[in-house]
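Visitor: Could you walk me through how to read a few features here, one at a time?
Guide: Happy to; let's look together.

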Amino acid sequence: MTRIAWLALASLLPLAARAEAPRTETREPCHHRTEVRQPFFGDTHVHTALSFDAVGQGTRNGPRDAYRFARGEEVGVQPYDEAGKPLRTIQLRRPLDFAAVTDHAELLGETRICSAPGLPGYDSVVCRIARRWPWLAYMLVNGSMLDVKDPQRYSFCGKNGERCVEAAAGPWQEIQRAAEEFYDRSAACRFTPFVGYEWSGNPDSKMIHRNVLFRNAVVPARPANYIEDRTGERLWQRLRDECLDAGIGCDVLVIPHNTNLSGGLLFRTEREDGAPLTRADAELRASLEVLLEVTQHKGDSECRASVSDPLCSYEKLPFSTMRESALPWTWSTPPENSFAREVLGAGLVLQSKLGVNPFKLGLIAATDTHLAAPGLVDEDRFIGHAAGRSTSRTEVPPLPDQWWFNPGGLAGVWAEENSRDSLFEAMRRREAWGTSGPRIVVRFFGGFDLPEDLCSAHDFAAQGYEHGVPMGGDLSAPTRSEAAPRFAVWAARDAGVGDAPGTPLQRIQIVKLWVENGASREQVYEIAGNAANGADVDLASCTPKGAGADTLCSTWRDPDFDPNAPALYYARVVENPSCRWTQWACNARSVDCSMGAPDGLEACCDAQVPKTIQERAWTSPIWWSPDAGERRSSK
Amino acid sequence: MRARIASGDRSAKGLPAMSVRGLRLFLWLVLAVVLPVPIWLLGPGSVPALYLFELGSVATVFGLAEGLRGVVGLTALVFVGQAVVYLALLYGIAAVIARACSRHPWIVFVAAAALIVTASVLPIYHSPYNAHASQVTLLSVYP
């Protein structure tokens, strides 16, 4: 079923009674609004020329260009000729519904100073190096400012770094202006930008990065950054003080990303100072961190590659920190709590101890583009995302990126309409999903009273809301004698466009995590489709072969449900195999491995580089807590 | 080793007198400044060994100006280290050639001139570290 058909069906459905999202801004109501919610796709992780590392890679496009691109316009990108004309252009096949420019907060001022003649500091050693040896500066600045535990402002920033802090005001306002300019406040509701930034802590090259997204145009005077606030705890407290509790109408949420490169530090099960977590700590974190970016340009973070779940080998990086990436003999395996599944499981265990789950995270995906190109996720048109190690600043490399990176994914959101309030509320309640790129639409409901034949109902969503909870929600205790919750998953393939049809679906799985003897356990259940459907892809032409499904739907009851064990369930929707971006690039260059790999295209003939992938979508989980039964009893 | 190059051969070509040591030094400098060598680490690319030394020096200056925090020292070391290894290798090559051509130094001079001219005309260097172009000539490889 296409998205349009789905929307048409949805509009005919009886309206389910749900609380209206509070409106915090002045705007026209959207023409297209439905109480059973619509799917919207966007990118919540976008860097532009305001980020130091993007400039080092030759990116010149700013926030306005990023939003132009997200709306479907063609934009030019590096490399540029001597006259400043871009030598390449890019354009989305389909515009996005929403996007957020999230430039690094840390060097906003420094980047501005180094690029603006006349500003004090422009002629400093650091700025001179940045202009004459941009890629070297990329390494040195990242390596001395962001990859350390105790970052210090550069000397050209003046006393207490005031000069750079002051200079950061300009780009921060530019980000806000661009978001406002491109926000469609008309009833057409075509596009929604969010004001945001990235807090980019990287102690010892272990990524503890978080994207910060604001609900509306009311934002703090300046973004928090790792130089001044060096821990997640400090970031959350600052956001509470300067936004949520400031009484100015500010609202915010935080999206951690790249657990795969965090060295386990992003989701520690203790405080930053090593003290045990308290209930208050868990509540503070849970109030802000509601979503996790499960996949992006720098790899997939869903689960650790394992024999028991072969699909977890999807887009795994061969190293565990970005520093290691430059030194192959140092490549290592990520430690515990480096993947979403481990983190979600740890959250269940902590909930048993603290009464609050600090890691109650929905799942979305994004690009982390450093080309100011939100939503540029097509495998067949990947030109790299300029996130380091492979630069297209001065020339287009034969292979557009390091083979271990990928085009990144998209965030999907179920919201009543395409407005900031509606989308933000959807993200906050975790009614969101991530895709590895294709616009797979997926609905996921759970409940003890969910009808077994829900898939044949014409009002799937309305009944799902009425008898259960959507993705991101908490199961209520059973009202009747059902011993186990039932789940319903409906998914539609990406229909694609014109010359780029989407790939059929292969199957749907439900991943269950639960606590047993104080430890997290996991189990993957096949609930729809067929893993052995024989689908394949012709590597020479990248044409898919074999049968698949346009839509899949199934209900499933947990056969091993233990009401006394905290648990969560999320759905994974998997496409038939398709060509990975490296295969597309190698085909485009007619690489013949029997003749030996050409320079720069060694990955084309490297056995460890996958030739195919299975694109996918991950829903946010639905949680079960034994407290739910107690809560109902006490009521 | 210190013997002068044969006077008959020298006078025939009208070249100045030069010891083997001088010839070796001359050749080594030319190779260090002009000959493209692959970047082992923090590449890819092919640049003169002296350029790697330059990058290491820039990283060192950065570290001296702002402190050797994080990987700044390591980055400087990687570049300087590569440069030192290459310079040692090129010194050995220069020594072998100088000795082999000690009776016909004009070969060295002509080859060196050809190398310099070629490198000045053709973009034989490839460096991601240059600000404006990756494929560059000798005239623009050193920013």
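**Strands, helices and a contact between chains**

Guide: Let's start with strand 5 (residues 192–199) of chain A, which is mostly covered: 8 of its 8 residues are buried. A residue is buried if 20 or more other C-beta atoms lie within 10 Å of its own, exposed if 12 or fewer, and partly exposed in between, with C-beta atoms placed from the backbone. Strands (E, at least two residues) and helices (H or I, at least four) are DSSP runs, numbered from the N terminus. Keep in mind that this is a predicted model: local features need pLDDT of at least 70, side-chain atom pairs count only at pLDDT 80 or more, and totals for chains, interfaces and linings use all residues. Residues are numbered from 1 along each chain as its sequence is written, while chains are lettered from A and ligands numbered from 1 in the order in which they are written.

Visitor: How do I read the two faces of a strand, and which residues of strand 5 of chain A lie on each side?
Guide: In a regular strand the side chains alternate between the two faces of the sheet. Here, Thr192(A), Phe194(A), Gly196(A) and Glu198(A) are on one side of strand 5 of chain A, and Pro193(A), Val195(A), Tyr197(A) and Trp199(A) are on the other; all are buried, and both faces are covered.

Visitor: And which way does strand 5 of chain A run against strand 4 of chain A, parallel or antiparallel?
Guide: Pairing takes at least two bridges found by DSSP between two strands. Strand 4 (residues 98–101) of chain A runs parallel to strand 5 of chain A, with 4 bridges joining them, and Ala100(A) stands opposite Phe194(A). Strand 6 (residues 210–214) of chain A is antiparallel to strand 5 of chain A, again with 4 bridges; there, Gly196(A) has Leu213(A) as its bridge partner.

Visitor: What about strand 13 of chain A: how many of its residues are buried?
Guide: For strand 13 (residues 441–447) of chain A, 7 of 7 are buried. Val441(A), Arg443(A), Phe445(A) and Gly447(A) point one way, and Val442(A), Phe444(A) and Gly446(A) the other way. Strand 15 (residues 486–492) of chain A is joined to strand 13 of chain A by 7 bridges and runs antiparallel to it, with Phe487(A) as the bridge partner of Gly446(A). Strand 14 (residues 469–470) of chain A also pairs with strand 13 of chain A in the antiparallel sense, over 2 bridges, and Pro470(A) stands opposite Phe445(A).

Visitor: On to helices. At what angle do helix 3 and helix 8 of chain A pack?
Guide: Axes are lines fitted to C-alpha atoms, for helices over the stretch in contact, and angles run from 0 to 180 degrees between N-to-C directions. Helix 3 (residues 63–70) and helix 8 (residues 169–182) of chain A pack at about 30°, with their axes 8 Å apart. They are therefore roughly parallel (angles under 35 degrees count as roughly parallel, over 145 as roughly antiparallel, 65 to 115 as roughly perpendicular and the rest as oblique). Pro63(A), Arg64(A) and Tyr67(A) in helix 3 of chain A meet Glu174(A), Ile175(A), Ala178(A), Glu181(A) and Phe182(A) in helix 8 of chain A, where contact means C-beta atoms, placed from the backbone, within 7 Å. By class, that contact has 5 nonpolar, no polar and 3 charged residues (Ala, Val, Leu, Ile, Met, Phe, Trp, Tyr, Cys and Pro count as nonpolar, Asp, Glu, Lys and Arg as charged, and the others, Gly among them, as polar).

Visitor: What classes make up the contact of helix 2 with helix 5 in chain B?
Guide: Helix 2 (residues 20–34) and helix 5 (residues 105–121) of chain B pack at about 15°, with axes 11 Å apart. That makes them roughly parallel, and their contact divides into 10 nonpolar, no polar and no charged residues.

Visitor: Last one: how many residues does each chain give to the contact between chains A and B?
Guide: Chain A gives 22 residues and chain B gives 22. On the side of chain A that touches chain B, helix 6 of chain A gives the most, with 7 residues.

Key:
Contact = placed C-beta atoms within 7 Å.
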